[in-house]
Amino acid sequence: MSRVFVLDANKQPLSPVHPGRARVLLTQRKAAVFRRYPFTIILKDVPLSREANPLRLKIDPGSKTTGIALVNDSTGEVVFAAELVHRADVIAKGLEQRRTVRRGRRQRKTRYRKPRFANRCRGKNWLAPSLESRVVNVLTWVKRLMRLCPITALSLELVKFDLQQMEHPEISGVEYQQGTLYGYELRQYLLEKWDRTCSYCGTKGVPLQVEHIRAKVRGGTDRISNLCLACEACNQAKGAQDIRVFLIEKPDVLARILAQAKAPLKDASAVNTTRWTLYGRLKSMGLPVECGSGGLTQFNRTQRTLPKSHWIDAACVGTSTPVSLKIAGVVPFLIAATGHGSRQKCNVNEIGFPRSSPKGAKKVKGFQTGDLVRATVTTGSKQGVYVGRVLVRASGSFDIRTRAGRVQGISYRFCTPIHRCDGYSFQKGVPYAQEDPVQSAS
Ligand SMILES: [Zn+2]
């Protein structure tokens with residue numbers, strides 16, 4: 001069951017409570033709503049005894065979506081779960097557009113000026129803006145959650161696979177065994193080595209099976225250098241055939257597979273810059289950070305027979321994962337990064353020519369585009385109650401984006417803020433039920 005965050009009167013975090021308990025506290029007026037997203041209440045007094053209920057914040061960073069789970073290590077309960085959707089592609093696209101506009105303008109206006117684009121340098125730990133945004137999004141939420149509940153430890157999936165001391169699995173001859181922890185690590189290694197594609201037909205984004213290049217019935221071993229990845233169709237088509245027979249019409253593919261099978265993965269630690277940067281910055285926050293591998297996460301999840309989803313993966317990160325995870329009734333909180341608007345002073349057309357007057361002030365009558373408001377309209381033709389994100393105009397006549405659609409021309413006087421725009425949008429996920437496992441694309 002997803003719990004409700006509680007702060008005491010001094011805004012110090014207390015253990016999250018059951019939603020029913022929170023409702024009682026609110027109706028008895030012993031608490032007030034502090035924040036809507038994530039739902040947090042604030043007590044009107046400071047409790048005499050603070051029951052210590054340390055929580056572990058677990059993170060599974062992904063390129064599109066990052067899974068977040070708050071786990072009580074002693075009881076195995078998942079107290080809170082979230083999925084954070086990044087906006088890396090939006091950032092990359094925006095920068096590309098800005099670059100195009102600037103290049104075009106320089107071409108037109110300063111054609112004869114000496115180039116001076118090479119007069120700047122990047123810091124040592126520089127990350128591309130799209131990657132940086134992922135790191136910053138995660139850190140923002142770690143900091144927010146630390147203010148809302150007592151977090152004493154962090155867990156992070158740092159690498160895809162962990163082959164420990166074994167630097168060259170191809171040479172040292174480790175064998176693949178399905179279902180063991182080592183098997184999961186090796187599977188992740190194979191995925192990385194073969195770039196998550198079917199070795200035979202090159203298909204991406206389909207479930208891949210571990211494939212023996214020399215079939216076991218023909219005396220092939222389980223050694224890593226005899227394994228590749230194949231989609232279901234190719235695996236069936238090849239069967240126990242000799243690879244030279246199977247690929248008789250594709251000599252180039254055959255040569256590539258045979259060469260790649262022998263070649264060990266260049267960097268066995270599969271360094272992922274973004275994750276290491278995240279690790280470094282999380283460590284500087286002063287909490288102990290436990291690191292896990294993708295193989296271990298998958299192993300933990302399979303052992304506990306849990307379905308795949310980002311937040312469940314997060315709950316399974318690291319060796320600290322409790323033997324049984326209590327996740328029944330958990331409603332994942334879906335967070336999407338939306339950014340904080342644009343720094344562009346006015347809109348431009350496709351060749352970079354200004355097509356509107358400069359932007360006005362960001363705040364109008366105390367509201368900002370993106371604030372979640374409730375408008376209770378009592379006069380005029382639009383009488384009624386509207387809840388949604390607001391779009392402000394300097395005139396004070398706002399638009400409200402409700403679930404039913406956009407309502408235009410609502411005066412600021414009817415609006416009350418529910419949640420201020422903070423760079424993220426929120427949604428409730430599908431509650432986890434044992435019978436109906438949450439289906440999610442990886
Ligand atoms: Zn295939």
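Gln368 is found in strand 14, which covers residues 367-368. In this predicted model, Gln368 counts as buried because its relative accessibility is 17%, and the cut-off for a buried residue is under 20%. Leaving aside residues up to four places away in sequence, Gln368 touches Lys362, Lys363, Val390, Val392 and Cys421.

**The chain as a whole**

The protein chain contains 11 helices and 20 strands. Its C-alpha atoms fill a box of roughly 85 × 70 × 45 Å, taken along the principal axes. Of the 442 residues in the protein chain, 44% are buried. Among contacts between residues at least 6 apart in sequence, 63% join residues at least 24 apart.

The confidence of the prediction can be stated for the chain and for one segment. The mean pLDDT of the protein chain is 88, and 94% of its residues reach 70 or more. Over residues 435-442, however, pLDDT stays under 50, and the model has 10 contacts beyond four places in sequence for this segment.

**The zinc site**

A zinc ion is coordinated by the SG atoms of Cys198, Cys201, Cys231 and Cys234, at 2.2 to 2.3 Å. The arrangement is tetrahedral because the four donor atoms subtend angles of 103 to 116° around the zinc ion. Along the sequence, the donor residues follow the spacing C-x2-C-x29-C-x2-C. Cys198 lies in the loop between helix 5 (181-193) and strand 9 (208-212), whereas Cys234 lies in helix 6 (residues 232-238), so this pair ties together parts that are 36 residues apart in sequence. Both Cys198 and Cys234 are buried.

**Strand pairing**

The table lists the pairings.

| Strands | Direction | Bridges |
|---|---|---|
| Strand 1 (residues 4-7) and strand 4 (residues 40-43) | parallel | three bridges |
| Strand 3 (residues 31-35) and strand 4 | antiparallel | four bridges |
| Strand 7 (residues 77-85) and strand 12 | parallel | four bridges |
| Strand 12 and strand 20 (residues 424-428) | antiparallel | five bridges |

In strand 4, Thr40 and Ile42 point one way while Ile41 and Leu43 point the other way, and all of these residues are buried. Ile41 of strand 4 stands opposite Val6, and Val33 also stands opposite Ile41. Strand 3 and strand 4 form a hairpin, with four residues between them.

Strand 12 (residues 333-337) has two faces: Phe333, Ile335 and Ala337 make up the covered one, and Leu334 and Ala336 the uncovered one. Leu334, in strand 12, is the bridge partner of Glu83. Ala337, for its part, has Tyr424 of strand 20 as its bridge partner.

**Helix 3**

Which residues of helix 3 are buried? They are Ser130, Ser133, Arg134, Val135, Asn137, Val138, Leu139, Trp141, Val142, Arg144, Leu145 and Leu148.

Definitions and conventions
Residues are numbered from 1 along each chain as its sequence is written. This is a predicted model: local features need pLDDT of at least 70, side-chain atom pairs count only at pLDDT 80 or more; totals for chains, interfaces and linings use all residues. Side-chain values use heavy atoms; hydrogens and water are left out. Buried means under 20% relative accessible area, exposed over 50%, partly exposed in between (1.4 Å probe, protein chains only). Two strands pair if DSSP finds at least two bridges between them. Donors are N, O and S atoms within 2.8 Å of the metal (3.2 Å for Na, K and Ca); water is not among the atoms, so sites may look incomplete. Four donors count as tetrahedral if all angles lie between 85 and 135 degrees; four count as square planar and six as octahedral if opposite donors are over 155 degrees apart and all others between 65 and 115; anything else is irregular. pLDDT is the predictor's confidence in each residue, from 0 to 100. Contact means heavy atoms within 4.5 Å.
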